[in-house]
Amino acid sequence: MPIYEYRCEGCQTKFELLRSFSRADEPAECPTCRAVGARRLISAFACFSKSDGGATTAVGGGGCSGCSAGSCASCGH
Ligand SMILES: [Zn+2]
């Protein structure tokens with residue numbers, strides 16, 4: 001299951017959640033203030049690290065958390 005990153009709009013806490021792909025965009029509960037309404041952050045690191053030479057730079061075993069699960073919402077891998 002891919003890991004998604006969320007940020008609480010109330011207290012600005014950032015946290016990660018393991019979620020199924022289909023639930024990735026649902027509001028998440030903040031572990032700090034318990035407010036439900038944290039928004040998913042789009043992770044833009046490993047997914048977009050394709051080098052100029054055409055080779056994909058693997059970080060920690062390949063792609064982002066979505067990529068490693070076989071379906072990445074951020075980069076479409
Ligand atoms: Zn919060």
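**Entry 1: the zinc site**

I began with the zinc ion of this predicted model, and I found that Cys8, Cys11, Cys30 and Cys33 coordinate the zinc ion through their SG atoms at 2.3 Å. I then looked up the angles that the four donor atoms subtend around the zinc ion, and because they run from 105 to 118°, I noted the arrangement as tetrahedral. Reading along the sequence, I wrote down the spacing of the donor residues as C-x2-C-x18-C-x2-C.

Next I asked where Cys8 and Cys33 sit in the chain. I located Cys8 in the loop between strand S1 (3-7) and strand S2 (14-18), whereas Cys33 belongs to the loop between strand S3 (28-29) and S4, so that this pair links distant parts of the chain, 25 residues apart.

**Entry 2: salt bridges**

How many salt bridges does the structure hold? I recorded five, and I followed up some of them here. In one of them, the side chains of Glu5 and Lys14 meet at 3.8 Å, taken from N to O, and I noted Glu5 as partly exposed, since its relative accessibility is 25%.

I turned next to Arg39, which forms a salt bridge with Glu9, and I noted 3.8 Å between the closest N and O atoms. Because Arg39 lies in strand S4 and Glu9 in the loop between S1 and S2, this pair ties together parts that are 30 residues apart in sequence. Both Arg39 and Glu9 are exposed.

**Entry 3: Arg40 and what it meets**

I kept Arg40 for the last entry, and I placed it in strand S4, which covers residues 36-41. I found a salt bridge between the side chains of Arg40 and Asp25, at 2.9 Å from N to O. This pair, too, links distant parts of the chain, with Arg40 in strand S4 and Asp25 in the loop between S2 and S3, 15 residues apart.

Technical notes:
Residues are numbered from 1 along each chain as its sequence is written. This is a predicted model: local features need pLDDT of at least 70, side-chain atom pairs count only at pLDDT 80 or more; totals for chains, interfaces and linings use all residues. Side-chain values use heavy atoms; hydrogens and water are left out. Helices (H or I, at least four residues) and strands (E, at least two) are DSSP runs, numbered from the N terminus. Donors are N, O and S atoms within 2.8 Å of the metal (3.2 Å for Na, K and Ca); water is not among the atoms, so sites may look incomplete. Four donors count as tetrahedral if all angles lie between 85 and 135 degrees; four count as square planar and six as octahedral if opposite donors are over 155 degrees apart and all others between 65 and 115; anything else is irregular. A salt bridge is a side-chain nitrogen of Lys or Arg within 4 Å of a carboxyl oxygen of Asp or Glu. Buried means under 20% relative accessible area, exposed over 50%, partly exposed in between (1.4 Å probe, protein chains only).
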